[in-house]
Amino acid sequence: LLYMFIILQLMQHSWLVSPLTLDPAKLLEEFPRWLEKLSARHQGSIIIIIDSIDQIQQAEKHMKWLIDPLPVNVRVIVSVNVETCPQAWRLWPTLHLDPLNSKDVKSLISAECNSANVKLTKEQEKKLERHCRSATTCNALYVTLLGKTIACVGNTGNIDETLQQCFQCQDTVSLYRLVLRSIQESLQSDKEKGLLREILCVIGVSHNGVSESELMELYPELSSAVLASLVHSLHKMCLLTYGCGLLKFQHLQAWEMARLEYMEEGENVVSAYRQKLVEYFTMQLRILILICFSFNSRDRVTWRSADELPWLFQQQGDKQKLHKCLLNLFVSQNLYKRGHFAELLSYWQLVGKDKSSMAAEYFDSLKEYEKSCEGEESMICLADLYETLGRFLKDLGLLSQAVAPLQRSLEIRETALDPDHPRVAQSLHQLAGVYVQWKKFGNAEQLYKQALEISENAYGAEHPRVARELDALATLYQKQNKYEQAEQLRKKSFKIRQKAARRKGSLCGFALLRQRALQLEELTLGKDTPDNARTLNELGVLYYLQNNLETAELFLKRSLEMRERVLGPDHPDCAQSLNNLAALYNEKKHYDKAEELYEKALDIRRRALAPDHPSLAYTVKHLAVLYKRMGKLDKAVPLYELAVEIRQKSFGPKHPSVATALVNLAVLYCQMKKQIEALPLYERALKI
């Protein structure tokens, strides 16, 4: 699992080297060679940091690649305990972290006491100095905790008595137990003491901690005032801390203390608390799915349910429930998209599935889920799931299996959204990436060019998204030894990024906000220029993607008016603005307005562009879909036929995009009860 984690972390920064096997037996043997390949293709240094490496069982055997000469640009930093460091590693360049000396101890304790206006006598200081000399009592955590304990007693308590109790604690866990008892004694009722136990236990058995709101839902009798008071005490004494809004143990020793204090009775106690969390997060998952199906929301699973439930099932050893949980497509999507790839794989390994079985089960689940999808929102969500599956399979090295879900995602987005919607470009980009790794460069080039065209239409020619597609194409040409073409695209991309960086500026805070306000004012009230018109169009598209349609309409209208004044009403840039504004009206279901604008855009592009130009194809498809939606099927037919013709000229007669266009035309014929005309189109598409 450690090797897998290192590989996945490295691959997040470089996809130039194909993934490794997931077979643990072969992984040990192949990893050094894989690292050599990666270092040869990676520009710059690779630094791998592994903490507490000596805690790995048989570390010397499993990490023997560390002893072999590493690639020139690879460095490895490891931390070990002096007592358990393997002999072969002791010859490496080493930085020793020495224990605290008496001066450091005195300084740390004095700082804590001074914060509470507590003054120690010389005799008390000497006792503390003598006590903090062993390996377990001179570490920073122990000394800090000791200082906080003395400071809490303050001038009102008996410091000598407290010191005597502390001196009986010969390690950090024992001192934490003393701290916990002092907190328990400060509580007013048995009920509060019981709640303290519940809070620490439920946090202790969780994966990443528990939020305050979750605690109050788990324990309805827990008031916000009591919770705030308990959390304050636990946080002040270094037991708990916050991370990503969750309460968790501040140190491993604090967790160990809670286990010894409350869960030492046996595994049954731990299982009971884990089951409580399982029931809670399972219920949250059901509620979320019910709510989201009612409101057509795409956020069906929160990151909390996805993080906790599979891990809890894993800890319980319940493979059946873990398997069922992993086949919840939204749980797996949530984990994968947030970078928990290694964790997801470890769960699948626990249920005994190899990567091919895992891929097949996900695909079957997705096809089953597709049967229940109705409406545009559900289909867009389905496209996201297909894309996630495709990317996941690509990361696993299953390139041939990754194509089908990515292609399906593309088809859904082309149908459910506008064909030149930025998400369609995203699908094209992902699919092209698979073909690049598969060394099918011709397919990849066509897809990257389509993605580039859509991005230019949606955002304008000087947007960072366009630079991304140019970089992808440049990398592709470089792999084919087309260095001149690659260099031209890289230069173009560099200029776009450079210009974007200048626009972004190096200012910060109020100065940057003021600059942006002035830019917006200039856009709204200032001179008519092609650059200002392009920026207004980009802002309109941005608000459109954020579903802020009213603001988007204002910017897109202003962009169109400015372009018509500066460039003339027949310029292709005006067609872009018309297209975007029509898409917005289509979204708002103002179909008559959308029809008028699409027809104008089509007229301009027909006169200005080549017959097989992709921009013309997108407008044709837009208007055809709109006619179909409005029930004007006779007007839609010639446009659907033209879409097939354009795609054939652009990509060749056997390209998947041609198949999609053929199916669209066949569906239209079926709606018109012309099954005889539809059948050969379906057959041809299925052959492709």
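User: Let's start with the terms: what do buried, exposed and partly exposed mean here?

Analyst: Buried means under 20% relative accessible area, exposed means over 50%, and partly exposed lies in between (1.4 Å probe, protein chains only). The model is predicted: local features need pLDDT of at least 70, side-chain atom pairs count only at pLDDT 80 or more, and totals for chains, interfaces and linings use all residues. Residues are numbered from 1 along each chain as its sequence is written, and side-chain values use heavy atoms, with hydrogens and water left out.

User: What makes Lys106 and Glu125 a salt bridge?

Analyst: A salt bridge needs a side-chain nitrogen of Lys or Arg within 4 Å of a carboxyl oxygen of Asp or Glu. For Lys106 and Glu125 the N to O distance is 3.9 Å, so the pair qualifies. The two residues link distant parts of the chain, 19 residues apart, with Lys106 in helix α4 (residues 102-115) and Glu125 in helix α5.

User: Why does Glu553 count as buried?

Analyst: Glu553 has 10% relative accessibility, so it falls in the buried class. Its side chain also meets that of Lys588 in a salt bridge, at 2.8 Å from N to O.

User: And why is Lys122 called exposed?

Analyst: Lys122 reaches 64% relative accessibility, so it counts as exposed. Lys122 lies in helix α5 (residues 122-131); helices are DSSP runs of H or I with at least four residues, numbered from the N terminus.
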